[in-house]
Amino acid sequence: LPRTRQSESIYTDEEHTRFVSDSKDKEPDVLFVGDSLVQLLHQFAIWRQLFSPLHALNFGVGGDATQHVLWRLSNGELDNISPKVVVLWVGTNNHGHTAEQICGGIMAIVQVIKNKLPQAHTLVLSILPRGKAPNPLRERNAKVNKLVQETVSSLPHASFLNVDPGFVHSNGSISHQDMYDYLHLTPQGYQAVCEPLHAHLKSMLDKPAEN
């Protein structure tokens, strides 16, 4: 039967099946979930350098919007693992949705993670600015970040991390040396995002578990 997923995701049943299968063999401390920004991270040296040593697993799918991640996590991808931290990075592909709807989608994912992994902490990463020059998607993404940050601030099982190192220059432009297509990150862009993220994750993992 066809999956109840929307066609704009570059998603295959095989990827979902592989993630479910991977989760049976692995015991990750950190699970990364999201769209192509998560998926492509896995292909760069910085993943092996910074995140593999943290016992990290990557469940990123190019093109995924919040509803796709929600579907995947509700349908088996969390069923056989017990990571300490789930890193969630999604929302920039929610075309046609308002900031409020995207925030709602992200919070629905946080709730599914809480239901399936009650001991885990969800770290929601900020949606990055996009486009060579100022544009409505940048404004929408910034509004999503503000809404999500406010919403998770009261939750003990989730937190928000702004991972934008300052990609927008004072003249409003983003450099292709950071984002080669003004959406996806170059190795330099990933380094600027991932070094502070890695330090934050290490401090979370090093904290003694709360009773």
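Good morning. I begin with a pair of residues: Leu88 stands opposite Val124 of strand β4. Two strands count as paired if DSSP finds at least two bridges between them. Helices (H or I, at least four residues) and strands (E, at least two) are DSSP runs, numbered from the N terminus.

The model is a predicted one, in which local features need pLDDT of at least 70 and side-chain atom pairs count only at pLDDT 80 or more, while totals for chains, interfaces and linings use all residues. Residues are numbered from 1 along each chain as its sequence is written, and side-chain values use heavy atoms, with hydrogens and water left out.

First, the overall picture. The protein has seven helices and five strands, and their order from the N terminus is α-β-α-α-β-α-β-α-β-α-β-α. Of its 211 residues, 53% are buried, where buried means under 20% relative accessible area, exposed over 50%, and partly exposed in between (1.4 Å probe, protein chains only). Contact means heavy atoms within 4.5 Å. Among the contacts with a separation of 6 or more, 78% are between residues 24 or more positions apart.

I turn now to β4. On one side, strand β3 (residues 85–89) runs parallel to β4 and is joined to it by four bridges. Strand β5 (residues 158–161) is also parallel to β4, again with four bridges, and Leu161 in β5 is the bridge partner of Leu125. The chain passes from β4 through α6 to β5 in a right-handed β-α-β crossover. A crossover is right-handed if, with the strands pointing away from the viewer, the path from the first strand over the helix to the second runs clockwise. β3, helix α5 (residues 99–116) and β4 likewise make a right-handed β-α-β unit.

How many of the residues of β4 are buried? Five of five are. In a regular strand, side chains alternate between the two faces of the sheet. In β4, His121, Leu123 and Leu125 are buried on one side, and Thr122 and Val124 on the other.

Next, the loops. Ser126 lies in the loop between β4 (121–125) and α6 (136–152). Why does Ser126 count as buried? Ser126 counts as buried because its relative accessibility is 1%. Its side chain makes a polar contact of 3.1 Å with the side chain of Asn162. A polar contact is a pair of N or O atoms within 3.5 Å; within protein, one must be able to donate a hydrogen and the other to accept it, and residues adjacent in sequence count only if both atoms are side-chain atoms. Not counting residues up to four places away in sequence, Ser126 touches residues including Trp89, Asn145 and Phe160.

Asn93 is placed in the loop between β3 and α5. With a relative accessibility of 11%, Asn93 also counts as buried. A polar atom of its side chain lies 3.0 Å from the backbone oxygen of Asp64. Leaving aside neighbours within four places in sequence, Asn93 is in contact with Asp35, Gly63, Asp64 and Ala65.

Finally, helix α4 (residues 66–74). Its buried residues include Thr66, His68, Val69 and Trp71. After α4 comes Gly76, with a positive phi near 115°.

That concludes my presentation.
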